[in-house]
Amino acid sequence: MNKTEKLALMRETGVIAIMRAKSSDQLIAAADAIRAGGVRVIEVTMTTPGALDVIGKATQRYGDDVLFGAGSVLDVETARAAILAGAGFIVAPTLSVAVIELCNRYGVPVMPGIFTPTEALTAWEAGADMVKLFPASFGGPELIKAILAPLPQLEIVPVGGVDLDTAADFIGKGAAALGVGSSLVSQGLLDKGDAAELTRRAAAFIAEVRRGRAR
C-alpha cells in the first residue's frame, strides 16, 4: 500500500489496535483474531520485546491485508529503524517535528502525540497526517469537538480512555479513528489465547465506530 491507501484504511477501519505482546507468535495469533472481527490496523508499541522483529514478521505474513505500524516512537533513530523493519505508519506519544519530517521523507503516515490546540497546529504545519490526542481520558470526546471547532482541518485519533462505552461518543464528536489498547487486546487475553473474545471485542468496536458515524 502507498501512503494514501494506508491512510484510507485507517479511516475506513476506524479502529487502531494498540498491542504490547510478549512475542511475535502471541501478536500474530491476536492479529488473526481481531482481523476476523474487522480490525485491520495494528500498532505495535516499541515497548514490546523485540518490537522490530515482531513488526517484520507480521508484515511478511499479512502483506496488505493488515497494516502494522510502530508506536511509542520517541526519536528519528527509532522511527527510521521501524520503517526499515516494515512499519507501515509511525505513532508517537509526544510531538517531535524531526520524527514528522523523517516520516514524510520516507512517505510513511505519521501520527504525533498532542494535547493542546497549539501542539495540534504545530504538528499539522510540520506535516503530520493525523494527530494522536493523548491522554484522551482528560477532556474526553468534548475536547475533540472543542479542538476541531477552530481547527477543522485536523484528523484526530484519541488514545487513552477509549473503550466500548466511549467509542461512539469520540467518533460522534469528530474523531477520525480510535486508538484502542487494553480494552480491545489485554495481556490477560493474550496470555490465555482467547481468540473468540478478541474477535468479539474487535467486532464490537467496529460496530461502535459505525454507530458513532451514523449520528
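## Basis of the description

The model is predicted, so local features are reported only at pLDDT of at least 70 and side-chain atom pairs only at pLDDT 80 or more, whereas totals for chains, interfaces and linings use all residues. Residues are numbered from 1 along each chain as its sequence is written, and side-chain values use heavy atoms, with hydrogens and water left out.

## Overall architecture

The protein contains 10 helices and nine strands; helices (H or I, at least four residues) and strands (E, at least two) are DSSP runs numbered from the N terminus. Its radius of gyration is 16 Å, close to the 17 Å that the globule rule gives for 215 residues, so the protein is as compact as a globular protein of that length. This radius is taken over C-alpha atoms, and the globule rule is 2.2 Å times the number of residues to the power 0.38. The C-alpha trace spans about 45 × 40 × 25 Å along its principal axes.

Of the 215 residues, 52% count as buried, a term that denotes under 20% relative accessible area, with exposed meaning over 50% and partly exposed in between (1.4 Å probe, protein chains only). The protein exposes about 8800 Å², of which carbon and sulfur atoms supply 53%; accessible areas come from the Shrake-Rupley method with a 1.4 Å probe, and for residues only the protein chains shown count as cover. Among contacts (heavy atoms within 4.5 Å) between residues at least 6 apart in sequence, 58% join residues at least 24 apart.

Strand β1 (residues 15-19) is mostly covered, with five of its five residues buried. Val-15, Ala-17 and Met-19 point one way from β1, while Ile-16 and Ile-18 point the other way. Strand β1 runs parallel to strand β9 (residues 178-180), to which three bridges join it; two strands pair if DSSP finds at least two bridges between them. Within this pairing, Ala-17 has Val-180 of β9 as its bridge partner. The chain passes from β1 through α2 to β2 in a right-handed β-α-β crossover. Right-handed means that, with the strands pointing away from the viewer, the path from the first strand over the helix to the second runs clockwise.

Strand β2 (residues 41-45) in turn pairs with β3 in the parallel sense over five bridges, and Glu-43 stands opposite Gly-69 in β3. A right-handed β-α-β unit is formed by β2, helix α3 (residues 51-62) and β3. Strand β3 (residues 67-71) has five of its five residues buried, so it is largely enclosed by the rest of the structure. Both of its faces are covered, with Leu-67, Gly-69 and Gly-71 on one side and Phe-68 and Ala-70 on the other.

## Nonpolar cores

In soluble globular proteins, nonpolar side chains tend to be buried together. A nonpolar core is here a set of buried Ala, Val, Leu, Ile, Met, Phe, Trp, Tyr and Cys residues joined through side-chain atoms within 4.5 Å. The largest has 63 residues, and those with the most contacts inside it are Ile-34, Ile-42, Phe-68, Ile-90, Leu-178 and Leu-184. Helix α2 (residues 24-36) supplies the largest share of this core, six residues. Apart from this core lies another of 14 residues, among them Leu-7, Val-91, Met-130 and Val-159.

Beyond residues up to four places away in sequence, Leu-184 touches Val-15, Ala-17, Ile-34, Leu-189, Leu-198, Arg-201, Ala-202 and Phe-205.

Leu-9 lies in helix α1 (residues 3-13) and counts as buried at 5% relative accessibility. Leu-9 and Val-41 are 32 residues apart in sequence, yet 7.7 Å apart in space, C-alpha to C-alpha. Not counting residues up to four places away in sequence, Leu-9 touches Met-1, Arg-40, Val-41 and Leu-67.

Thr-48, in the loop between β2 and α3, is buried with a relative accessible area of 4%. Its contacts, leaving aside neighbours within four places in sequence, are with Met-19, Arg-20 and Ala-21. Ile-156 lies in strand β8 (residues 156-158) and is buried, with a relative accessible area of 1%. With neighbours within four places in sequence left aside, the contacts of Ile-156 include Val-131, Leu-133, Ile-144 and Ala-176.
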